[in-house]
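Open the model in your viewer and keep the selection tool ready. This tour goes from one stop to the next.

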Amino acid sequence: MEHAIKLLIVDDETRFLNAIAQRLTKRGFDVRTADNGEEAIQIARSEKFDIALLDLRMPGMDGGEVLRVLKGEHQFLEAIMLTGHGSLESAVELTRVGAFSYLPKPYELDKLIQVLKEAYQARLEKKFAADQAKMEKILALAEGESPLGILRKLRELDDLRK
């Protein structure tokens, strides 16, 4: 991969977490791990990630709660849910909240890598569309405004992205 996909993996099963992190690192992903939801949120607040790979069932803050927080704080982050205990209802609900995909455990590595690449492509497309829309707004602002007026409007646009 030309640009390593930055991946946050969250799972309370440390053997599984370490194994999947090692396998994905060997395949060119830039991986960080967390063994609970609170830690994952703190890591995501200090670093930018392209994709989060979240275990659904964890003690304390479960994967669904982590998904809600991460999607609320990181506009272009894609999330993939992994679970050995999933149901159709939880898959539908988490997709509605913003999960890109929902995969069962045990996972097939090739399938997981395919879904990670698809999620990354979706992230790039969303970011490009948002940047394009922002550029169009900037160009529209530049017509008939003073330089100071343009700067004020640009600040307003940036404030909307927070």
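A residue counts as buried under 20% relative accessible area, exposed over 50%, and partly exposed in between. Keep that scale in mind at each stop. The model is predicted.

**Stop one: K126 and E78.** Select both side chains. They meet in a salt bridge, 2.8 Å from N to O. K126 lies in helix α5 and E78 in strand β4 (residues 78–83), so the pair ties together parts 48 residues apart in sequence. Buried or partly exposed: which is K126? K126 is partly exposed, because its relative accessibility is 42%. E78, at 2%, counts as buried.

**Stop two: K105 and D11.** Here the side chains form a salt bridge at 2.6 Å, N to O. K105 sits in the loop between β5 (101–104) and α5 (109–142), and D11 in the loop between β1 (6–10) and α1 (14–26), so this pair links parts that are 94 residues apart in sequence. K105 is buried at 16%. D11 is buried too, at 1%.

**Stop three: R45 and E73.** Their salt bridge spans 2.5 Å, N to O. R45 belongs to helix α2 (residues 37–46) and E73 to helix α3 (residues 63–73), so parts 28 residues apart in sequence are tied together. R45 is partly exposed at 47%, and E73 is partly exposed at 38%.

**Stop four: the largest pocket.** Its volume is about 260 Å³. Select K48, H74, Q75, F76 and R123, the closest to its centre of the 12 lining residues. The lining divides into 4 nonpolar, 2 polar and 6 charged residues.

Methods
Residues numbered from 1 in each chain as written. Predicted model: local features only at pLDDT ≥ 70, side-chain atom pairs only at ≥ 80, totals over all residues. Heavy atoms only, no water. 1 Å grid on protein atoms, 1.4 Å probe; cavity = no way out; pocket = protein on both sides within 12 Å on 5 of 7 lines; lining within 4 Å. Points joined across faces, edges and corners; volume = space filled by probe spheres on them. Nonpolar A, V, L, I, M, F, W, Y, C, P; charged D, E, K, R; others polar. Salt bridge = Lys/Arg side-chain N within 4 Å of Asp/Glu carboxyl O. Helix = DSSP H or I, 4+ residues; strand = E, 2+ residues; numbered from the N terminus. Buried < 20%, exposed > 50% of the residue type's maximum accessible area, 1.4 Å probe, protein only.
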